[in-house]
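Please keep the sequence and the structure in view while reading.

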Amino acid sequence: MINEIICIGSSHAEGGGLDIYRNKETVDWYLKNKNIKVSAKTHSFPTILNKKTGINTTNLGKCGTGVEYLIRNCEEQLEKEDCSNKLFVFERSIWGRAELFDPKDGNYIVANWGHRNGEDPSDGFESYLTQNYNREFHDSHLIYGDIGWDYIKNKCQQIYDAFLTRFLDEDNLLKNQDRQLLNLFYKLDSLKIPFLLFNSEQWYLHKIEEHPVIKKNIIQLRYEGEDIALWDYLDKHKLSIRHETNNEIDDGHAGLNGNEFLADLIIKRIDK
């Protein structure tokens, strides 16, 4: 019997679209038009899961993170306690997302990268480094709590850009991330630890989705008979903040109805 649900993922799991630091305009809109004081903490799908099932739910979602964060947090859970009666819910996002460790203050850094020319790696890469992705939407500069550690001011970001441009083999990295995540899933399966998976984006190695361990545990997202990723699902089914606010706020994250719908998809799988 499941005694805890552990959700690990990026902004969809965190409830980032409803975070006051990310977009106060969204929070204000729901208060004005729906008389609801929304927040990532109170209206993310993990919180709704807890309310609807009564099962203790831990939300380890963090905006901007990818496969490295997902694997690390799952492995840390496995190392520190017996997880045989826990359900892991993964929200998987991969493109241009890495994780670094800052020994200066002992925290992990979200390290996002993209092509400098917006199309391919021929002109190198540009990155964005932060410890709290949502915070900067509010502060508009990189300050973390009481720590005045600015990754742009201290040129860390420029150094990382140069490193990526010189050494990053993006194709092989993304393939290996998919393989490593698949290995984690087989590990959980062999340990008989239940898990479910949302795909925010398609697999880079498309053949991976044919593996039995993926087919058995994925939460299928479909539209007009086709399998689609979470971003597209929220858009096609009109479950995003954009749709809930009648296009007043251009945000593709799940709105209130979207988060409740995602929680219900998980509950249906738990009840099977």
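## A lysine and its partner

Is K86 buried or exposed, as judged by its relative accessible area? In this predicted model, K86 has a relative accessible area of 7% and is therefore buried, the cut-off for that class being under 20%. K86 forms a salt bridge with E4, and the closest N and O atoms of the two are 2.6 Å apart. Because K86 lies in strand β3 (residues 86-92) and E4 in strand β1 (residues 4-8), the pair ties together parts that are 82 residues apart in sequence. E4 is likewise buried, with a relative accessible area of 10%.

## Other salt bridges

The count of salt bridges in the model comes to 16. One of them joins D189 and K216, whose closest N and O atoms are 2.6 Å apart. D189 lies in helix α8 and K216 in helix α9 (residues 212-217), so this pair connects parts that are 27 residues apart in sequence. D189 is partly exposed, with a relative accessible area of 29%, and K216 is also partly exposed, at 49%.

A further salt bridge is formed by the side chains of E210 and K215, at 3.2 Å from N to O. Through shared partners, salt bridges also join E4, E81 and K86 into one network.

Helix α8 (residues 170-190), which contains D189, has 21 residues and reaches 30 Å from its first C-alpha to its last, close to the 30 Å expected at 1.5 Å a residue. Its buried residues are E170, L174, Q177, D178, L181, L182, L184, F185 and L188. These residues are on the same side of α8 because they cover an arc of only 155° around the axis. An α-helix has 3.6 residues a turn, so residues three or four places apart point the same way.

On the other side of α8, N183 and S190 are exposed. The helix is followed by K192, whose phi is positive, near 60°.

The structure holds one cavity of 30 Å³ or more, and the largest cavity has a volume of about 40 Å³. The residues that line this largest cavity are S11, H12, G15, G16, G17, L18, H253, A254 and N259. By class, its lining comprises two nonpolar and seven polar residues, with no charged residues.

Technical notes:
Residues are numbered from 1 along each chain as its sequence is written. This is a predicted model: local features need pLDDT of at least 70, side-chain atom pairs count only at pLDDT 80 or more; totals for chains, interfaces and linings use all residues. Side-chain values use heavy atoms; hydrogens and water are left out. Helices (H or I, at least four residues) and strands (E, at least two) are DSSP runs, numbered from the N terminus. The expected span of a helix is 1.5 Å times one less than its number of residues. Buried means under 20% relative accessible area, exposed over 50%, partly exposed in between (1.4 Å probe, protein chains only). The arc is that of the directions from the helix axis to the C-beta atoms. On a 1 Å grid over the protein atoms alone, a cavity is a set of points where a 1.4 Å probe fits but cannot get out, and a pocket is an open set with protein on both sides within 12 Å along at least five of seven lines; lining residues have an atom within 4 Å of a point. Grid points are joined across faces, edges and corners, and a volume is the space filled by probe spheres set on the points. Ala, Val, Leu, Ile, Met, Phe, Trp, Tyr, Cys and Pro count as nonpolar, Asp, Glu, Lys and Arg as charged, and the others, Gly among them, as polar. A salt bridge is a side-chain nitrogen of Lys or Arg within 4 Å of a carboxyl oxygen of Asp or Glu.
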